[in-house]
Amino acid sequence: LQQNQILSDIRKTLVKKCLTLFSDMAEESPEDYKTFYEQFGRSLKLGIHEDAKNRKKLAKLLRFYSSKSGEELVSLEEYVSRMPEGQQNIYYLTGENKAQVESPHLEALLKKGFEVLYMTEPIDEYAVQQLKEFEDHKLVCASKEGLELEETEEEKAALTAAKADNAKLCKVIKDVLGDKVEKVEVSSRLVNSPCALVTSEWGWSA
């Protein structure tokens, strides 16, 4: 019965109408959409994970708190619209709540004036793994290995020099920690904090 063509056409029509309704509400009645999103935001994120055909449309309906939004939710379109010159990626952090994601991983990003999205629901990481990018901007987790910030040649040279100067120290720390960590290295992601734990690029966020 689920493969019936009539039912399939009805489903497509209903999904199309719902997406149009949600989009209109978000644009014309932000407060009503906020109330709606509080109740059904997880369902939209599940759609990101499961509905590849409508993924781009659903992405425009997502809302998150961010390092610049205070108590207001921000859309991906709003985030992109205020990206400073030179920023190429959309940065995010995952955690159980806003307090948890406000971590040392933010330091270098905030210093550069980059906004960071706070993804505080378990389904967020599943959704973002499917979304991957928005309007040609890659979604990048700030707590994972391989974070490459938009750096000047001077900053790149300074990091290379710092890695060389501290190679022996990193080896000693690795020897002390043993199998508790995969490796120890100098990073450009920190400003004031002495260290931070990161996960592999293809693992779950720290």
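**Reading charge on a protein surface**

Author: Welcome! In this predicted model, the mean positions of the 29 positive and 37 negative charges of the protein lie 4 Å apart.

Reader: Glad to be here. Which residues form a positive surface patch?

Author: The general idea is that like charges within 9 Å are joined into a patch, provided each residue has over 30% relative accessible area and no salt bridge. Here, Arg11, Lys12, Lys16, Lys17, Lys53 and Lys57 form a positive patch.

Reader: Which helix gives the most to the positive patch?

Author: That is helix α1, spanning residues 5-28, which contributes four residues to the patch. Lys17 sits in this helix α1.

Reader: Let me take Lys17, then. Is Lys17 buried or exposed?

Author: A residue counts as exposed when its relative accessible area is over 50%. Lys17 has a relative accessible area of 56%, so Lys17 is exposed.

Reader: And what percentage of the residues in the protein is buried?

Author: For that class the relative accessible area must be under 20%. Of the 206 residues in the protein, 36% are buried. As for the surface, the protein exposes about 13400 Å², and carbon and sulfur atoms supply 52% of that area.

Reader: Let's step back to the whole fold. How many helices and strands does the protein have?

Author: There are nine helices and six strands in the protein. Its C-alpha trace spans about 70 × 35 × 30 Å along the principal axes.

Conventions
Residues numbered from 1 in each chain as written. Predicted model: local features only at pLDDT ≥ 70, side-chain atom pairs only at ≥ 80, totals over all residues. Heavy atoms only, no water. Patch = residues over 30% accessible without salt bridge, like charges linked within 9 Å, V, L, I, M, F, W, Y side chains within 5 Å. Areas by Shrake-Rupley, 256 points an atom, 1.4 Å probe, with all protein chains shown as cover. Salt bridge = Lys/Arg side-chain N within 4 Å of Asp/Glu carboxyl O. Lys, Arg positive; Asp, Glu negative; His and termini not counted. Charge placed at Lys NZ, Arg CZ, Asp CG, Glu CD. Helix = DSSP H or I, 4+ residues; strand = E, 2+ residues; numbered from the N terminus. Buried < 20%, exposed > 50% of the residue type's maximum accessible area, 1.4 Å probe, protein only.
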